[in-house]
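Please look at the chain displayed below before reading on. The paragraphs after it go from the overall layout to single residues.

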Amino acid sequence: MAVTDPIADYLTRIRNGNMARQRIVEIPYSNLKKNMTEILYDQGYIHRYKVEKDKGPQGKITIALKYNGKNEPVIKKLGRISRPGLRKYAGAGDIPRILNNLGICIVSTNKGLMTGKQAKAQNVGGEVLCYVY
């Protein structure tokens, strides 16, 4: 089945894994999804990840979800901002703050994928893909 919005599919797989209290989630590989996974790992939202390019027709990313001591997911909410039908772009000064800077937004810039804080620090804008907190 063809996926028309791979970023929404990526976020939905993580959201469903969190709701089902799964430890491992498998996602089809792409460079964009790998970069988003690296950001989530660097910001402490996932435990670890592994990229396997030789599994299946396009490879897969295996993500180990992170839970706190009470078995509650570290990722409370994640959602798509820009979507294929309605793209959302923001300049360096207009990048949204998520939960008063306790969460992150992932921005696609001409310098690559980065968090909103990193984009503001480098004074670049771009397409605001999603938010996580």
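Helices (H or I, at least four residues) and strands (E, at least two) are DSSP runs, numbered from the N terminus. By that rule, R21 sits in the loop between α1 and β1. The model is a predicted one, in which local features need pLDDT of at least 70 and side-chain atom pairs count only at pLDDT 80 or more, while totals for chains, interfaces and linings use all residues. Residues are numbered from 1 along each chain as its sequence is written, and side-chain values use heavy atoms, with hydrogens and water left out.

The protein has three helices and eight strands. Read from the N terminus, their order is α-β-α-β-β-β-β-β-β-α-β. Along the principal axes, the C-alpha atoms occupy a box of roughly 40 × 40 × 25 Å. The radius of gyration, taken over C-alpha atoms, can be set against a globule rule of 2.2 Å times the number of residues to the power 0.38. For 133 residues a compact globule would have a value near 14 Å, and the protein's 15 Å agrees with this.

Burial is given by relative accessible area: buried means under 20%, exposed over 50%, and partly exposed in between (1.4 Å probe, protein chains only). Of the 133 residues, 41% count as buried. Accessible areas come from the Shrake-Rupley method with a 1.4 Å probe, and for residues only the protein chains shown count as cover. The protein exposes about 7,700 Å², of which carbon and sulfur atoms supply 48%. A contact means heavy atoms within 4.5 Å. Among contacts with a separation of 6 or more, 63% are between residues 24 or more positions apart.

Two buried residues illustrate contacts between separate parts of the chain. I7 lies in helix α1 and, at 6% relative accessibility, counts as buried. Leaving out residues up to four places away in sequence, I7 touches L32, M36, R80 and L129. The C-alpha atoms of I7 and L129 are separated by 8.1 Å, although the two residues are 122 positions apart along the chain. T115 belongs to strand β7 (residues 112-115) and is also buried, at 5% relative accessibility. Apart from neighbours within four places in sequence, T115 is in contact with I39, Q43, I104 and C105.

Next come the charges. Lys and Arg count as positive and Asp and Glu as negative, with His and the chain ends not counted; the place of a charge is taken as NZ of Lys, CZ of Arg, CG of Asp or CD of Glu. On this basis there are 23 positive and 10 negative side chains, and the centres of the two sets lie 5 Å apart. Side chains of opposite charge can pair when their charged atoms come close. A salt bridge here is a side-chain nitrogen of Lys or Arg within 4 Å of a carboxyl oxygen of Asp or Glu.

How many salt bridges does the structure hold? There are seven. One of them joins the side chains of R80 and D5, at 3.0 Å from N to O. R80 is in strand β4 (residues 78-80) and D5 in the segment before α1 (6-19), so this pair ties together parts 75 residues apart in sequence. D5 counts as buried because its relative accessibility is 14%.

Another salt bridge pairs D9 with R13, whose closest N and O atoms are 3.0 Å apart. Both D9 and R13 lie in helix α1, four residues apart, about one turn of the helix. R13 is partly exposed, with a relative accessible area of 34%.

K60 and E26 also form a salt bridge, with 2.8 Å between the closest N and O atoms. This pair links distant parts of the chain, with K60 in strand β3 (residues 60-65) and E26 in strand β1 (residues 24-28), 34 residues apart. K60 is buried at 19% relative accessible area, whereas E26 is partly exposed at 43%.

R21 has phi near 55°, a positive value in a residue other than glycine, and at 39% relative accessibility R21 counts as partly exposed. N123, not a glycine either, has a positive phi of about 60°. N123 is in the loop between α3 (116-121) and β8 (126-132) and is exposed at 61% relative accessibility. K70 lies in the loop between β3 and β4 and is exposed, with a relative accessible area of 68%. From K70 to K88 the C-alpha distance is 36 Å, over 18 residues in sequence.
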